[in-house]
Amino acid sequence: MKKRFFKLFFLIFLSFICLSCVSEIDPISGEKTYTLLSTEEEIRIGHKVIPSAINENDGLYPDREIQNYIKEMGNKIAKVTPRKVDYQFYVVNSSQINAFALPGGPVFVTRGLLLKMDKESELAGVLAHELGHINARHHAKFLEKTYGMNMLLGILGIALQDSKYASAVMSLAQISAGLLQLKFSRDQENEADSLGVRFSYDSGYDPKGLLTMFEKFKAMERGGTVEWLSTHPLPDTRIKNVQQIISEKYPHSSSLIQDSERFRAIKAKIISTKDSYDYVEKAKKYIKSRNYNEALSLLDKAIEIYGSNYAYTYRALVNLNLNKYNNAISDADKAIQLDSLYFKPFLIKGIALTKIGKWRESIVSLNKAKQLIPDNADLYYYLGVDYHEIGDRKNAIEHLSTALNLTDGKRGWEADAQRRLIMLKKY
Ligand SMILES: [Zn+2]
């Protein structure tokens, strides 16, 4: 025991030494700088948060051609940026008008934002802006400032792949939430804008694309529907800054790429699935008010038009709430087939399997969910129940305890988890 403690202490001490003295070349200024978070650690944290970002944005858009397009576009722009990290590009199903990045490379664009774009240079501008945040280490600076020493424990837990430790799970939950609601400062936005203009231009796109996108956001702002503005504030001064940079540094940009045949084809494809997605959006409102039968008929219509992972996931959820467990399982399976990085269907399938007493199958599905997002309270509760039912006392205690640590107190199963824990600890 003493030895183990000593080993853990030594590991923490070591990681402190290593992390606190990382010296790196600042990608923007080219000067040597000291950072708390190494690029490698930054990339690792970003990777860990990808499934949460996908889950909170309704899964990946299930069309390979569109995913490939955004990857090619993104990589073409990333190539001209000075920072070498693990760039990744995804289109998510969300109807919100948004784009965001994670530390160390991942960039996300919503289906809702693509619907508002009219030409390729606008997409290039938004991607280049997000790459600006990554290149200027804005996420890393946020992590260093917000979590500091506390983060080291979390990183250690993540690095050791030992999410059993409640403290590591809690740190990851905190870091994910912090990163997904991250709001940059005005200075950081200006920096990302000026880098965005530069990266657009250097990769051959008309940097005015970012400007026309900003003007559209501004026009839509009154309706309060642009999610992007809640994390990237857009005062008039910002638009003026971008105008100024373009007219001073890149006055002759009209010969650059404005649009492409491919962009128009991609856009047409996304428009063709809009009706289906709109039905799911309406169904979600009925789900909120527990009007499950109304929701079900809308989801049936959505799937008839376009069978997306998003529609199947919500139909699985409705079936779960209607106690139609076998239907829930088959819908969840269809969603998983379309997108194996989407957490929600694995969770719904696991819960449905618990409900019909298929404990071991449930454990398989919930453990897959846990590999994606290891900080969900419901997941730990149902895993705890499964382990309890098959007589695995150690795992049952561990998972039920973590569930109670993670819960907001309103999940509805807290009393049962406590009752089971008392029973388990008796023997
Ligand atoms: Zn921004």
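A residue is called buried here if 20 or more other C-beta atoms lie within 10 Å of its own, and exposed if 12 or fewer do. By that count, 46% of the 427 residues of the protein are buried. The model is predicted.

**Stop 1: the whole protein**

Show everything as a cartoon. The secondary structure comes to 21 helices and five strands. Residues 24 or more positions apart account for 64% of them.

**Stop 2**

Select E3 (88–92), E4 (99–101) and E5 (106–110). These three strands form an open sheet with mixed pairing. Which order do the strands take? The order is E3-E5-E4. E3 and E4 are the edge strands, and each of them pairs on one side only. From one strand to the next, the twist averages 15°.

Zoom in on E3 and E5. They pair in the parallel sense, over five bridges. Pick Tyr90, then look across to E5: Phe108 stands opposite.

Stay on E3 and show its side chains. Gln88, Tyr90 and Val92 point one way from the strand. Phe89 and Val91 point the other way. Are these residues buried or exposed? All are buried. E3 is thus listed as mostly covered, with five of its five residues buried.

**Stop 3: helices across the sheet**

H5 lies across E4 and E5, and its angle to E4 is about 25°.

**Stop 4: Leu102**

Select Leu102, in the loop between E4 and E5. How many other C-beta atoms lie within 10 Å of Leu102? There are 27. The cut-off for buried is 20 or more, so Leu102 is buried.

Now show what Leu102 touches. Leave aside its neighbours within four places in sequence, and Leu102 is in contact with Gly46, Val49, Ile50, Ala53, His139 and Leu179. Ile43 and Leu102 are 59 residues apart in sequence, but 8.7 Å apart in space, C-alpha to C-alpha.

**Stop 5: H15 against H16**

Two packed helices are described by the angle between their axes and the distance between the axes. Select H15 (residues 309–321) and H16 (residues 325–338). They pack at an angle of about 160°, with their axes 8 Å apart. Angles over 145 degrees count as roughly antiparallel, so H15 is roughly antiparallel to H16. The crossing of the two helices is left-handed.

Show the side chains in the contact. On H15, select Asn309, Tyr312, Thr313, Arg315, Ala316, Asn319 and Leu320. On H16, select Tyr325, Asn327, Ala328, Asp331, Ala332, Lys334, Ala335 and Leu338. Color them by type: eight are nonpolar, four polar and three charged.

**Stop 6: H15 against H17**

Keep H15 and bring in H17, residues 343–355. What is the angle between H15 and H17? They pack at about 25°, with their axes 10 Å apart. Angles under 35 degrees count as roughly parallel, so H15 is roughly parallel to H17. H15 passes H17 in a left-handed crossing.

Thr313, Ala316, Leu317 and Leu320 make the contact from the H15 side. Lys344, Pro345, Ile348, Ile351 and Ala352 make it from the H17 side. Color by type again: the residues of this contact divide into seven nonpolar, one polar and one charged. Thr313, Ala316 and Leu320 of H15 are also in the contact with H16.

**Stop 7**

Most residues other than glycine have a negative phi. Two residues here are worth a click.

Start with Asn323, in the loop between H15 and H16. Phi of Asn323 is near 60°, a positive value in a residue other than glycine. Is Asn323 buried or exposed? Asn323 is exposed, with 11 other C-beta atoms within 10 Å.

Then go to Arg290. Look in the loop between H13 (274–288) and H14 (292–305). Arg290 is not a glycine, yet its phi is positive, at about 60°. How many other C-beta atoms lie within 10 Å of Arg290? The count is 9, so Arg290 is exposed.

How values were computed:
Residues numbered from 1 in each chain as written. Predicted model: local features only at pLDDT ≥ 70, side-chain atom pairs only at ≥ 80, totals over all residues. Helix = DSSP H or I, 4+ residues; strand = E, 2+ residues; numbered from the N terminus. Contact = placed C-beta atoms within 7 Å. Axes fitted to C-alpha atoms, helices over the stretch in contact; angles between N-to-C directions. Parallel < 35°, antiparallel > 145°, perpendicular 65-115°, else oblique. Left-handed = near helix turned anticlockwise from the far one by under 90°. Nonpolar A, V, L, I, M, F, W, Y, C, P; charged D, E, K, R; others polar. Pairing = 2+ DSSP bridges.
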